[in-house]
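Here's a quick tour of a few spots worth a look. Have the sequence and the model open as you read.

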Amino acid sequence: MTVTVRVVAPGASGHGVVRHAAAVAAAVVADGVVPVGSGQADLTHAQFTDALWGAGVAAAADAFVEQAEVLPRPLVVTLHDLPGADPDPARDVRRSDGYRRVVAVADAVVVSAGHEADKARALGAADPVTVALPLPVVVPAEQAPGWAGRPTLGVLGFVYPGKGHEAVIDAAAAHPDRPAVVAAGAVSDGHDELARSLAGYARSRGVDWILTGHLEPAALAAAAAAVTVPVAPSRTVSASGSLLAWLAHGRYPLAAAGAYAHEVDAAAPGAVALYDDDTRRDVLVADALTRPGATRGPVPDWPDAGAGHAALYRRMVTR
């Protein structure tokens, strides 16, 4: 049975959630699903994170609820950046209230990791569906970057607060060879001051800081291949496309032992090296600098996100 799905993900094409929506839309085609951007459809699949839908979570929830009134039903909503355990309790309450309103107008709620399902239930989702993030599509690498061949620690993806770049600078400073730190990605909108601060912090620790800026897929593949030691340093990320990008490029990163990193480790044994503290991190960095082959390997088996979403769509339109 062919199913037509209306895809809703407002925002710039380079935003991680918008890219996720495009990746899912591409993946479901093989399972007989026809994604459309407008018009009639058998159902709607919308992506929600408050940063995409409005200036503040209340405005974002208002916009989503208003849009939900005119979208084709059933309405499937994937939640991103779910609230819970925010360092600012008041912000956590505000975001939770907004997300509850989104959940309330959805016919099905999708999350990208098991620990996110628990958060979704706390927000009122009775039976959230977990579908793993798709592995990013990899293209052949272009010419190696100018810093290739130098000892480096690398972090993939956008530069934003809480990503963990400071900790990677600390790890580089703790090693006698002081490897450079490569931030392989663009600075998130509004965080130019953070990028300047990170550059200054690296200088203060005697570490070279290399910020690549936006990378097209071929340049990203070249950067992923050139980094000596791949690192996924965020402990609090809900579900990380950056971590999966390392795996898709055949790199096995060192990863801070947060909830999502543990899930990836269970799903792809041996593909990540988890660390719980700075001492263990520094030991893993030292070992990987002397054995760079340890961070390279075949792309691990990974759940089929296209099939998972297509099965959900068919359940929704036939129930």
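Asp 265 is partly exposed, because its relative accessible area is 24% and that label covers values between buried (under 20%) and exposed (over 50%), using a 1.4 Å probe and protein chains only. This is a predicted model, where local features need pLDDT of at least 70, side-chain atom pairs count only at pLDDT 80 or more, and totals for chains, interfaces and linings use all residues. Residues are numbered from 1 along each chain as its sequence is written, and side-chain values use heavy atoms, with hydrogens and water left out.

You'll find Asp 265 in helix H10; helices here are DSSP runs of H or I with at least four residues, strands are E runs of at least two, and both are numbered from the N terminus. Skipping neighbours within four places in sequence, Asp 265 touches Gly 270, Val 272 and Leu 274, with contact meaning heavy atoms within 4.5 Å. Its C-alpha sits 9.5 Å from that of Ala 255, ten residues apart along the chain.

H10 also has a partner: Leu 243, Leu 244 and Leu 247 of H9 meet Tyr 260, Ala 261 and Val 264 of H10.

Most residues other than glycine have a negative phi, and most peptide bonds are trans. Yet Arg 73 and Pro 74 are joined by a cis peptide bond, with omega about 0 degrees.

| Residue | Phi | Relative accessibility |
|---|---|---|
| Asp 81 | about 55 degrees | 42%, partly exposed |
| Arg 178 | about 45 degrees | 41%, partly exposed |

Asp 81 belongs to the loop between S4 and helix H4, while Arg 178 is in the loop between helix H6 and strand S8.
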